[in-house]
Amino acid sequence: MRHRKVLAASLAVTATFAAQLVTASASAAQVTTLYYSATGAPDYATQIDQAAANWNAAVTDVRLVEGGTATIVFAETDDGRGSYTNTDGHGHGRIYLDKQQVAEGFAVTRIAAHELGHNLGLPDHYSGPCSELMSGHGPGTSCTNAVPDAAEAAKVQQDWADGFAAGDVRQAE
């Protein structure tokens, strides 16, 4: 009888542990890792890393990691067109950081985080307040906020909950 109780207890513990592993695996499987490269924008690598860290702190369904086979690639420009990205909005894109825009006083970390937002699927909202990352250059050079607000983070969470399949390429500023 004692052996049956021990066996039953062991089976219960094993079943509970197995259920926890399945739950943990299911949760881990939901995370999409996107790799980025800052090698084309060496003057701004620190700010790019901080922008990615800001997104990683705000969302859990997608992770931005430097290195690997990068699907998001940063480059520096000096053409005065402003910073922008060519992206499909699904984790693939080329981000251009304009040195002239930076010289005008726009915060590099905010620019990089904003452009990463496009690569995560978010549109511009230039009329928004500084607290909205996707308001971009709308609030002016005094706005240095480089952290997505709760609504922006929630939208990315929703979009990336089950991964996000590549769509049509689009350009965003």
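**Core, strands and a glycine**

Biologist: Which residues does Leu116 touch, leaving out those up to four places away in sequence?

Modeller: This is a predicted model, mind you. With those neighbours left out, Leu116 touches Ala51, Ala52, Trp55, Leu64, Ile72, Phe74 and Ile95.

Biologist: And which residues have the most contacts inside the largest nonpolar core?

Modeller: Ile48, Trp55, Leu64, Phe74 and Leu116, in a core of 30 residues. Elements supplying at least two residues each include β1 (32-40), α2 (45-58), β3 (72-77) and α5 (150-160). The top contributor is α4, which gives five.

Biologist: OK, strands now. In what sense do β1 and β2 pair, and over how many bridges?

Modeller: Parallel, over five bridges. Thr32 sits opposite Val62 of β2.

Biologist: Changing topic: where is Gly128?

Modeller: In the loop between α4 and α5.

Biologist: Is Gly128 buried or exposed, and why?

Modeller: Buried, because its relative accessibility is 9%, and the cut-off for buried is under 20%.

Biologist: What does Gly128 touch beyond four places in sequence?

Modeller: Ser135 and Pro139. As for Gly138, 10 residues away from Gly128 in sequence, the C-alpha to C-alpha distance is 7.2 Å.

Note on methods. Residues are numbered from 1 along each chain as its sequence is written. This is a predicted model: local features need pLDDT of at least 70, side-chain atom pairs count only at pLDDT 80 or more; totals for chains, interfaces and linings use all residues. Side-chain values use heavy atoms; hydrogens and water are left out. A nonpolar core is a set of buried Ala, Val, Leu, Ile, Met, Phe, Trp, Tyr and Cys residues joined through side-chain atoms within 4.5 Å. Buried means under 20% relative accessible area, exposed over 50%, partly exposed in between (1.4 Å probe, protein chains only). Helices (H or I, at least four residues) and strands (E, at least two) are DSSP runs, numbered from the N terminus. Contact means heavy atoms within 4.5 Å. Two strands pair if DSSP finds at least two bridges between them.
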